[in-house]
Amino acid sequence: TLTHGSGSVFLYVGKCDSKENFLFHRRSDVLMMTPWFAPIVWEGTYNSEILNEQFRRRNVTVGLTVFAIKKYTVFLNKFLETAETYFMVGHRVNYYIFTDRPEEVPKVPLKEGRNVVVLQVQNYPRWQEISMRRMELINSFSQQRFINEVSYLVCVDVDMRFNDQVGVEILSNLFGTLHPHFYAAERQSFTYERRPASQAYVPRDEGDFYYAGGFFGGTVMEVYKLTKKCHEAMMVDKAKGIEAIWQDESYLNKYFVYYKPTKILSPEYLWDDDLGRPEILKKIRFLALPKNHAAIRNK
C-alpha cells in the first residue's frame, strides 16, 4: 500500500513472461493511481507504441503554449530544438509562442506537420504580473483560435529543455504535474495559498497533491474552463489588493483541489537537477535550465 495526502492506493505487481505482456505494466516503488482513479504517469507504466497508434488513428494535433516575454526569448532556441527531438514525435504539433519580441523568435528547422505560431502580446513591468497574465491569454486564445486548430493543449514554461521523450501518454481531458519539490511530501508542507481572503485559498485539511504551474493541460475545452476560472479568481483578488503566494500556480492548485485532473504526470515531466536524481526517476523528460533569475526577470 502506498499513501499520499488523503488517500491510499493498493498496487498489483504483475510478472511478465518472455514475451512482454503490457497488461502487466506496473511499478511497486511509486504511487500509480490517485484515490479518484486517475493514473499517475511514470516510466514503465505504459506502452508508447499502443498509445501512439491510438492517437494517430484519431488524427490528433497538439498545441504547445509557451511564454517568452522580455529576455526569456533567450530560452526559445534550446526549447524548440529539444522539443523537435523529444516532444510528441510522429504527431502534428503547433508551437504557440506568446511574446512581446516576435523578431527574436528563432528559425528552428521543423519536421513535417509541425508549425511555430507567434502570438504577439504586451509585457508587464513585474514578472509576477506576467506570470499571472498567462491564464488570461491562454483562456482568450483557446476560445478565439486554439479550439479550431488543435485537440489538446500542453502549457509549459520556456526556461526548460526537453531531455527525453514526452509523448501522447500525457494526454487526457485534464492533466497536471507533480511539483518536483513536493511529490513525496505530506499535505501539511504544501505551499498552497493559506489566506482565507484570497480566491486561491485552500484549507489545511483539503488537497491531495501539489502541482507545478509549469506543466499542465488537457483538451482545449477543459483548459479553457481551467484558465477562465483561475483568471476570474485572480481578478477578484486583484480588486482586493491580494496577490496569491505563488501567482498562477496557486490558483491552478486551488482549481485541481475541486476539479480533479483525469491524469497526473510524475516529476519526470518537470525536474530540476538542483534536487539531484532520485532512483525512482527512471527518466528525466523536461528539465529546468540553469539561469540567473535576477538577470532575466523584469528585464
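Predicted model: local features only at pLDDT ≥ 70, side-chain atom pairs only at ≥ 80, totals over all residues.
Leaving aside residues up to four places away in sequence, V166 touches Y86, F87, M88, F215, Y269 and R285.

## K283, a partly exposed loop residue

K283 also belongs to a loop, in this case the one between β11 (263-265) and β12 (286-288). With a relative accessibility of 26%, K283 counts as partly exposed, because that class covers values between 20% and 50%. When residues up to four places away in sequence are not counted, K283 touches E43, D164 and E268. The C-alpha atoms of K283 and P267 are 9.6 Å apart, and the two residues are separated by 16 residues in sequence.

## Two residues with positive phi

Most residues other than glycine have a negative phi. Against that background, K70 has a phi near 55 degrees, a positive value in a residue that is not glycine. K70 sits in the loop between β4 (61-68) and α2 (76-86), and its relative accessible area of 8% means that K70 is buried.

Q247 likewise is not a glycine and has a positive phi, of about 50 degrees. The loop that holds Q247 lies between α4 (220-239) and α5 (248-258), and Q247 is buried, with a relative accessible area of 7%.

## The cavity and its lining

Where is space left inside the model? Rolling a probe the size of a water molecule over the atoms shows where empty space is left. A search of the whole structure finds one cavity of 30 Å³ or more, and the volume of the largest cavity is about 70 Å³. Its lining is made up of T65, F67, R134, M135, I138, C155, V156, D157, G213, G214, F216 and D248.

Several elements contribute to this lining: β4, α3 (127-149) and β7 (152-156) each supply at least two residues, and the largest share, three residues, comes from α3. Sorted by class, the lining of the largest cavity has six nonpolar, three polar and three charged residues.

## Cysteines

The structure holds zero disulfides. C155, which is among the residues that line the largest cavity, counts as buried because its relative accessibility is 3%. C230 is buried as well, with a relative accessible area of 2%.

## The chain as a whole

The chain contains six helices and 12 strands. Of its 299 residues, 55% are buried, and the accessible surface of the chain comes to about 14,100 Å², with 50% of that area belonging to carbon and sulfur atoms.

Contacts across the sequence can also be described for the chain as a whole. Among those between residues at least 6 apart in sequence, 74% join residues at least 24 apart.

Conventions. Residues numbered from 1 in each chain as written. Heavy atoms only, no water. Disulfide = S-S within 2.5 Å. Buried < 20%, exposed > 50% of the residue type's maximum accessible area, 1.4 Å probe, protein only. Helix = DSSP H or I, 4+ residues; strand = E, 2+ residues; numbered from the N terminus. 1 Å grid on protein atoms, 1.4 Å probe; cavity = no way out; pocket = protein on both sides within 12 Å on 5 of 7 lines; lining within 4 Å. Points joined across faces, edges and corners; volume = space filled by probe spheres on them. Nonpolar A, V, L, I, M, F, W, Y, C, P; charged D, E, K, R; others polar. Contact = heavy atoms within 4.5 Å. Areas by Shrake-Rupley, 256 points an atom, 1.4 Å probe, with all protein chains shown as cover.
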